[in-house]
Amino acid sequence: GRAAALLVTAPYALCVCPEGQNVTLTCRVSGPLADHHDLLYKTWYFSGDGDRSCSEKRHIRNASERELRHEAAVHHGPGAGGSAAPHGVAFLPDRHGAFHVLVTNLTLGDSGNYCCYAVEAHREHGKPHARQVAHGVVELQIRQALLPPCLADTTAAALATVACIVGILCLPLILLLIYKQRQAVTNRRTPAPPLARSSAQGIENPVFEAVPAAETWPRAPLPYAPARQPSESGRRLLSEPGTPLSPPGPGDCFFPTL
């Protein structure tokens, strides 16, 4: 049967990083070579227009691949000097079938697709010829940082300091407002002075004034003067106390029989 084909995979299909940070992109190569004498060539390309195969074979940040490979072969690690410093891109040594690229100090222009290619090549007449080509892709998204970490910490400290100062300056005003409020509550609880009170029970009557006493008019004289009539027996019954029709004496009722 046919031998297994060369395969390149990316552990992560999408990476989201903040602006100004560093990122290491990784791809893995699997599958046997068609001939163990062949060479395996690995590289990275970049596409900012959504091309997932990076058909234009554009290098990352337009860095020279020869310079990057030379730095990787000499220093064998990330952050090597030379060309990695001005471009901010470095190829890292392979580890267990995985190959990596380091991109430092990310900017919004670094957003796009990063294609990792593996090419099996054999030599004919001193020239390499591709036998197998496989690639994977990692999408990198850069988010704009609102504030750098140091600036964010400084801003938070400044805001806290301003809040403390404003609180201290407003404290006397707050105490004065509390005092005024309590004084107003105390004045509302104090009873008002009486407006008008009656002589009997002291009932307040703030609306109506006291009714003046009724005037006493002199009575007209009676047209006749009652005269006492003598009785046949010669007794003055109405003048003697104890008689039924006589006026009551001191301490007696008018009708003692009742």
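A search of the whole predicted model finds 4 salt bridges. Asp38 pairs with Arg131, with 2.6 Å between the closest N and O atoms. Asp38 lies in the loop between β3 and β4 (39-47), and Arg131 lies in strand β8 (residues 127-143), so this contact ties together parts that are 93 residues apart in sequence. Asp38 is buried, at 8% relative accessible area. Arg131 is partly exposed, at 39%. Through salt bridges with shared partners, Asp38, Glu120 and Arg131 join into one network.

Asp94 and Lys42 form another salt bridge, at 2.0 Å from N to O. Asp94 belongs to strand β5 and Lys42 to strand β4, so the pair ties together parts that are 52 residues apart in sequence. Asp94 is partly exposed, with a relative accessible area of 42%. Lys42 counts as buried, because its relative accessibility of 18% falls under the 20% cut-off.

A salt bridge also links Arg61 to Asp110, where the closest N and O atoms are 2.6 Å apart. Here two loops are involved: Arg61 sits between β4 and α1 (65-75), and Asp110 sits between β6 and β7 (112-124). The pair therefore ties together parts that are 49 residues apart in sequence. Arg61 is partly exposed, at 24% relative accessible area. Asp110 is buried, at 6%.

Strand β3 (residues 23-30) pairs with β1 and with β6. Strand β1 (residues 7-9) runs antiparallel to β3 and is joined to β3 by 3 bridges. Val8 has Val29 as its bridge partner in β3. Strand β6 (residues 98-103) also pairs with β3 in the antiparallel sense, over 6 bridges. Leu25 stands opposite Val101 in β6. In a regular strand, side chains alternate between the two faces of the sheet. In β3, Val23, Leu25, Cys27 and Val29 make up the covered face. Thr24, Thr26, Arg28 and Ser30 make up the uncovered face.

Ala90 and Val101 are 11 residues apart in sequence, with C-alpha atoms 5.8 Å apart. Ala90 is found in strand β5 (residues 89-95). Ala90 is buried, with a relative accessible area of 9%.

Helix α3 spans residues 149-189 and includes Ile174. The unreviewed UniProt entry places a "transmembrane region" at residues 156-179. Over residues 156-179, the chain is 100% helix and 0% strand. The end C-alpha atoms of this stretch are 34 Å apart. Leu171, Ile174, Leu175 and Ile178 form a nonpolar surface patch, with about 350 Å² of accessible area together. Ile174 is partly exposed, at 44% relative accessibility.

Key. Residues numbered from 1 in each chain as written. Predicted model: local features only at pLDDT ≥ 70, side-chain atom pairs only at ≥ 80, totals over all residues. Heavy atoms only, no water. Patch = residues over 30% accessible without salt bridge, like charges linked within 9 Å, V, L, I, M, F, W, Y side chains within 5 Å. Areas by Shrake-Rupley, 256 points an atom, 1.4 Å probe, with all protein chains shown as cover. Salt bridge = Lys/Arg side-chain N within 4 Å of Asp/Glu carboxyl O. Helix = DSSP H or I, 4+ residues; strand = E, 2+ residues; numbered from the N terminus. Buried < 20%, exposed > 50% of the residue type's maximum accessible area, 1.4 Å probe, protein only. Pairing = 2+ DSSP bridges. UniProt positions renumbered as here; feature names shortened; annotations may be inferred.
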